[in-house]
Structure formats: structure tokens, C-alpha cells
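Here's a quick briefing on the model below. Have a look at it first, then read on for the overall dimensions, the fold layout and one surface feature.

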Amino acid sequence: FIPQTGLDQQGQGLRPIHGRSLELGFKRDFFAGQLSSTVAIYQLHRSNLIASHPMGSGFVQDGASKAEGLEVDIKGSLSKRIHIIVNYAFTTAQITADPHNPERVGMATANLIKHIQNTWINYQLPFSGVIGSNTQLSLGYQYLGGRHERYSSRMPTPLSNIFKVDAALAWQHANYSFNLLVNNVGNRAIYSTAWRNSSGDLYYWVQQPGRNFRVSLGYKF
């Protein structure tokens with residue numbers, strides 16, 4: 001159950017979203033445990049979803065949706081100094097019931113992302129001494145493809161795919177630590193969600209930051 005805030009047309013509090021999930025998966029290790037993998041398929045049914053009432057203001061709460069997908073995760077060591085995390089998720093989701101807005105049945109659910117793929121690689125410098133033996137360089141990317149708008153629509157506005165690269169440098173020695181994280185290395189213009197009405201005179205866009213940095217210094221007492 002997922003709580004929802006707000007009131008319906010009768011002024012009553014919204015009921016929680018009710019979900020039922022079926023999942024099947026397996027795990028396996030490779031190369032004497034150096035790499036581990038997980039594969040899972042799932043089906044998720046949700047009910048008590050809210051929608052705008054077509055004949056007035058307020059929400060109605062008779063909607064339902066179904067999502068199906070596949071998830072794959074691989075993590076471990078390629079060598080003594082190289083460690084990786086790779087994952088991929090494929091998801092389809094559509095509205096299965098909406099008595100007050102029947103035209104929405106069959107539409108993709110809001111903010112659906114069909115393809116999500118991430119890779120992150122850590123490399124420990126081979127040099128000895130204070131600097132090298134405790135220093136890691138990291139590089140990774142995120143890909144989001146087949147994105148849908150913030151609200152379900154028969155003719156959705158196409159959203160561009162997202163490909164974002166991040167990098168990091170981490171150093172630790174004795175009680176001291178230093179971390180530098182660079183997000184969106186390519187300084188790409190990325191928006192996380194979007195919506196435009198049918199007449200095109202109203203739109204909603206959420207822009208993500210361009211290239212940005214985060215530095216942290218630590219001392220362990």
C-alpha cells in the first residue's frame with residue numbers, strides 16, 4: 001500500500017494505491033565468485049490510481065495499471081584493480097482501467113521509461129605509496145530510452161533519450177579522505193520530465209543541472 005495525499009470529489013481522503021507483484025528471478029556467480037549476476041522478470045498490478053474527473057474538478061480513484069519488465073544486474077571484479085557494476089531494465093506499463101476516462105485505457109502510464117541502462121567502473125591506481133595505493137578513478141554513464149510524458153496521452157510529445165556521463169576521484173589514507181564527483185561531464189542539456197497540452201499553449205519542463213561538481217573532505221577520529 002502506498003499512501004496518497006489529497007481529496008476526491010466528495011471531499012474524502014484518497015485511498016492508498018494497492019499493488020500486487022509477481023516476480024521470478026535467479027542469481028549466479030562466475031569466475032570463482034569474481035562476478036555475480038541477477039536476472040528477474042516481474043508483473044505489477046496497481047489499483048486505486050487517481051485521475052481528473054472529466055465533468056468537473058477534483059480527483060476520481062478508480063484507475064488501474066499493469067507493468068511488466070525484465071531486470072539484469074552484473075557486478076564484481078574484472079581484475080584486481082578494476083571493479084564494475086552494470087544493470088539494465090526493460091519496462092512496459094499501460095493503463096488497464098479508468099471508468100471516468102475510458103479513452104486513457106491502453107495508454108502508457110505517466111513517466112514510463114522503457115529502457116534504463118547504467119554502467120559504473122572503478123579503477124584503483126597501481127602505484128604504491130601514500131598517493132597511488134589508496135586512489136580510485138571512476139567513470140560511468142546512464143542511458144534512458146523510450147521515455148514518456150508526465151501525463152498519459154494518445155499523442156505524446158516525443159521525449160529525447162538521455163545519455164549522461166559521470167566521473168569521480170576518491171583518495172583515502174589513514175584517517176583522511178578526499179572525494180570529487182563530476183556529474184554530467186559532457187554538460188548536456190537534459191530534462192527529466194515534460195508535458196504539453198493538445199493546443200500547445202501550455203507546457204511543463206523539468207531541466208536537470210548541467211556539468212556540476214561535488215567535493216568532500218573527511219577525517220575519521
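With 221 residues, a compact globule would have a radius of gyration near 17 Å, but this chain comes out at 23 Å (taken over C-alpha atoms; the globule rule is 2.2 Å times the number of residues to the power 0.38). The model is predicted, so local features need pLDDT of at least 70 and side-chain atom pairs count only at pLDDT 80 or more, while totals for chains, interfaces and linings use all residues. Residues are numbered from 1 along each chain as its sequence is written, and side-chain values use heavy atoms, with hydrogens and water left out.

**Overall dimensions**
- The C-alpha trace spans about 70 × 40 × 35 Å along its principal axes.
- Buried residues (under 20% relative accessible area, 1.4 Å probe, protein chains only) make up 26% of the 221.

**Fold layout**
- You get 1 helix and 11 strands (DSSP runs: H or I of at least four residues for helices, E of at least two for strands, numbered from the N terminus).
- Along the sequence the pattern reads β-β-β-β-β-α-β-β-β-β-β-β.
- Take the contacts (heavy atoms within 4.5 Å) between residues at least 6 apart in sequence: 54% of them join residues at least 24 apart.

**Around Tyr176**
- Tyr176 sits in strand β8, residues 176-183.
- Tyr176 is partly exposed, at 47% relative accessible area (the class between 20% and 50%).
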